[in-house]
Amino acid sequence: MITIALYLTIAMVTLAALLNVYRLIKGPDEPDRVLAIDTLYINAIALIILLGITLSTRMYLESALLIAVMGFVSTVAMAKYLKRGSVIE
C-alpha cells in the first residue's frame, strides 16, 4: 500500500512541476515567473525526498537541502533585482 501511495505522490508532484514549467514559459510578467521558479525548486525538493524514501536511503537528503538553500538565495536575488534593477548595491 505504501508503494502505491509513493508512486501516486511522485506522479502528482511531477504533474505539479510540469504545470510550473508551463507557468514559467507563459507567465504574463516577471513576478509570476519568479514564483514559478520558486515553486519549481520546491517540487524538485519533494521529488528528491520521495525518491530517497522509495529507495530507502538517506543519501538524497543532502542534495535536497542544497537545492533548498540555493533556491532560497536565488529567489531573494531575483526579487531584489526586480525591485531595484540590480542585485549588488
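Predicted model: local features only at pLDDT ≥ 70, side-chain atom pairs only at ≥ 80, totals over all residues.
**Entry 1: Val87, position**

I looked up Val87 first. Val87 lies in the segment after helix 3, which spans 61–84. I then checked how open the residue is. Val87 is partly exposed, because its relative accessible area of 37% falls between the 20% limit for buried and the 50% limit for exposed.

**Entry 2: Val87, surroundings**

Which residues does Val87 contact, leaving aside its neighbours within four places in sequence? I found Ala77, Lys80 and Tyr81. I also took a C-alpha distance. Val87 and Val76 are 11 residues apart along the chain, and their C-alpha atoms are separated by 9.3 Å.

**Entry 3: the surface patch**

I looked for nonpolar surface next. Met78, Tyr81, Leu82, Val87 and Ile88 make a nonpolar patch of about 480 Å².

**Entry 4: helix 2 against helix 3**

How do helix 2 and helix 3 pack? Helix 2 covers residues 30–54. I read an angle of about 175° between the two, with their axes 9 Å apart. That makes helix 2 roughly antiparallel to helix 3, because the angle is over 145 degrees.

I then listed who meets whom. From helix 2 I noted Glu30, Pro31, Val34, Asp38, Tyr41, Ile45, Ile48 and Ile49. On the helix 3 side they meet residues including Ser63, Ala64, Ile67, Gly71, Phe72 and Thr75.

Key:
Residues numbered from 1 in each chain as written. Heavy atoms only, no water. Patch = residues over 30% accessible without salt bridge, like charges linked within 9 Å, V, L, I, M, F, W, Y side chains within 5 Å. Areas by Shrake-Rupley, 256 points an atom, 1.4 Å probe, with all protein chains shown as cover. Salt bridge = Lys/Arg side-chain N within 4 Å of Asp/Glu carboxyl O. Helix = DSSP H or I, 4+ residues; strand = E, 2+ residues; numbered from the N terminus. Buried < 20%, exposed > 50% of the residue type's maximum accessible area, 1.4 Å probe, protein only. Axes fitted to C-alpha atoms, helices over the stretch in contact; angles between N-to-C directions. Parallel < 35°, antiparallel > 145°, perpendicular 65-115°, else oblique. Contact = heavy atoms within 4.5 Å.
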